[in-house]
Amino acid sequence: MKSCVVIGGGINGLCVAYYLALEGHQVTVLDQSDMTDGCSYGNAGLVVPSHVIPLAQPGMIAQGFRWMLDSKSPFYVKPRFHKELFSWAWKFYRHSTRSHVERSMPLLRDLSLFSKELYRDLATKADFLYQEKGLLMLYQSEKVGNEEIEAGREAEQLGLEVNYLSAAQIADLESGVELNARGGVLYKSDGHLYPQKLMSFLKSELGTLGVKILKQSRVHDFKRRGSRIESVMVGDQEVRGDEFILCAGSWSPRLAKKLGIKLSILPGKGYSFDVQNNNHMPQVPAILCEGKVAVTPMGETIRFGGTMEITHVNDNKINSNRVEGILNTINDFYPELNIFSPKKEDTWHGFRPCTPTGLPIISRSKKVSNLVVATGHSMMGLSLGPVTGKLVEEMISGKSLSISSELLQGE
Ligand SMILES: Cc1cc2nc3c(=O)[nH]c(=O)nc-3n(C[C@H](O)[C@H](O)[C@H](O)COP(=O)(O)OP(=O)(O)OC[C@H]3O[C@@H](n4cnc5c(N)ncnc54)[C@H](O)[C@@H]3O)c2cc1C
């Protein structure tokens with residue numbers, strides 16, 4: 001059995017720690033924060049096998065430029081003269097091809113469906129409001145409807161169950177609230193959960209399994225011997241281990257650089273806010289396609305989430321134009337809800353760790369022999385947490401991998 005040090009205690013770090021500890025490894029998790037509010041907490045909680053098409057896809061660059069011209073649109077790149085941004089954008093452009101999409105789709109499907117199986121199993125151990133009600137992609141315009149129907153057909157070809165619904169059929173399905181949508185594509189494959197409850201469960205389960213969780217413990221350097229890491233530095237303390245797993249989300253490139261490893265990951269800032277006990281509560285999770293807003297019922301709460309601002313990790317500003325964009329979309333699709341602008345302090349933001357391929361990196365490092373990298377999950381980190389944890393455990397235990405692909409090695 002090995003001694004393992006997990007850097008970063010978001011959903012991926014905690015899942016890695018969980019599956020390693022279940023196999024009897026001795027695990028320490030280090031996190032620079034108090035582990036209550038990061039990207040893995042305020043996200044929309046959707047478990048999305050439906051998302052088989054990676055972000056890097058044909059048409060995305062042109063769409064991105066159109067969105068950039070509208071301050072309330074769901075996508076924005078903060079202009080910066082920075083080498084990392086140019087290099088990321090160039091790689092994104094190179095991957096926005098049909099052949100990349102075709103190679104990625106079966107992999108994303110397999111990862112997501114396996115992860116969902118693992119969620120089903122985890123949900124037997126605790127109540128984090130895990131449900132499988134599917135995901136409704138709602139649209140108002142014919143153009144967006146056609147795009148969604150086309151995406152649905154592609155998912156069907158990969159074996160996912162997809163229904164195409166008229167406005168009347170949507171009204172039958174969504175009894176909680178009136179909807180203003182031309183139609184919708186329902187992915188029966190999808191689930192949803194309450195991220196905060198999931199994270200609390202994982203932390204308490206790790207405690208029971210004997211995992212050491214060290215909060216407010218920022219790793220700032222590594223001590224190496226040859227091609228191996230001997231220890232990580234937290235302040236002036238050394239934390240030693242046999243294996244190290246880098247799960248630091250959007251902060252991963254900074255740390256990887258210390259080891260001479262280039263990781264092309266940029267933070268995609270997104271916002272969410274919760275509405276409690278509204279008279280009208282959507283019952284079925286949805287994405288409001290024109291504004292790319294996610295709507296997730298979580299018990300007495302509805303969470304709304306959206307926008308993707310490619311930026312840097314110190315950009316903690318809440319951009320009220322973008323939040324208003326989310327709000328306009330919600331009130332457009334759900335005329336009865338009548339949601340008001342949340343206060344700044346009630347608006348959560350998080351940084352999705354975005355790769356230019358739209359695929360996560362789950363791979364043993366080629367440069368550093370006892371390092372596994374598990375990051376870059378972009379918009380799907382919550383969905384793919386369990387499968388990431390399981391694959392990392394298999395790598396470290398020396399087992400054959402349940403899913404393996406060179407596409408998971410990153411750029
Ligand atoms: C608005 C929004 C909605 C979303 N909705 C969904 C959704 O519905 N479904 C879905 O699947 N995904 C969703 N996501 C994406 C998902 O939240 C992320 O992909 C996921 O949380 C990333 O998890 P992670 O563990 O890789 O990174 P993080 O959660 O960012 O965790 C990384 C951790 O590393 C720690 N860390 C960083 N540097 C150091 C260091 N030097 N030393 C120690 N610790 C360090 C950080 O403190 C942090 O806790 C959404 C994201 C946003 C922003």
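Modeller: An axis here is a line fitted to C-alpha atoms, for helices over the stretch in contact, and angles run from 0 to 180 degrees between N-to-C directions. Helices (H or I, at least four residues) and strands (E, at least two) are DSSP runs, numbered from the N terminus. This is a predicted model, in which local features need pLDDT of at least 70 and side-chain atom pairs count only at pLDDT 80 or more, while totals for chains, interfaces and linings use all residues. Residues are numbered from 1 along each chain as its sequence is written, and side-chain values use heavy atoms, with hydrogens and water left out.

I begin with a helix pair. The axes of helix H1 (residues 11-22) and helix H10 (residues 381-397) come within 7 Å and cross at roughly 40°. H1 and H10 are therefore oblique to each other, a label for angles that are not under 35 degrees (roughly parallel), over 145 (roughly antiparallel) or 65 to 115 (roughly perpendicular). The crossing of H1 and H10 is right-handed, the near helix being turned clockwise from the far one by less than a right angle. Among the residues of H1 in contact (heavy atoms within 4.5 Å) with H10 are Ile11, Cys15 and Tyr19, and the H10 side includes Leu382, Pro386 and Lys390.

Next comes an aromatic cluster, in which ring pairs link Tyr119, Phe128, Tyr130 and Phe201; rings of Phe, Tyr and Trp (its six-membered ring) pair if their centres lie within 6.5 Å, and planes under 30 degrees apart count as stacked, over 60 as edge-to-face and the rest as tilted. By this rule there are 8 aromatic pairs. Tyrosine 119 and tyrosine 130 are stacked, at 6.0 Å centre to centre and 20° between the planes, with tyrosine 119 in helix H4 (residues 98-122) and tyrosine 130, 11 residues away, in the loop between H4 and strand E5 (135-139).
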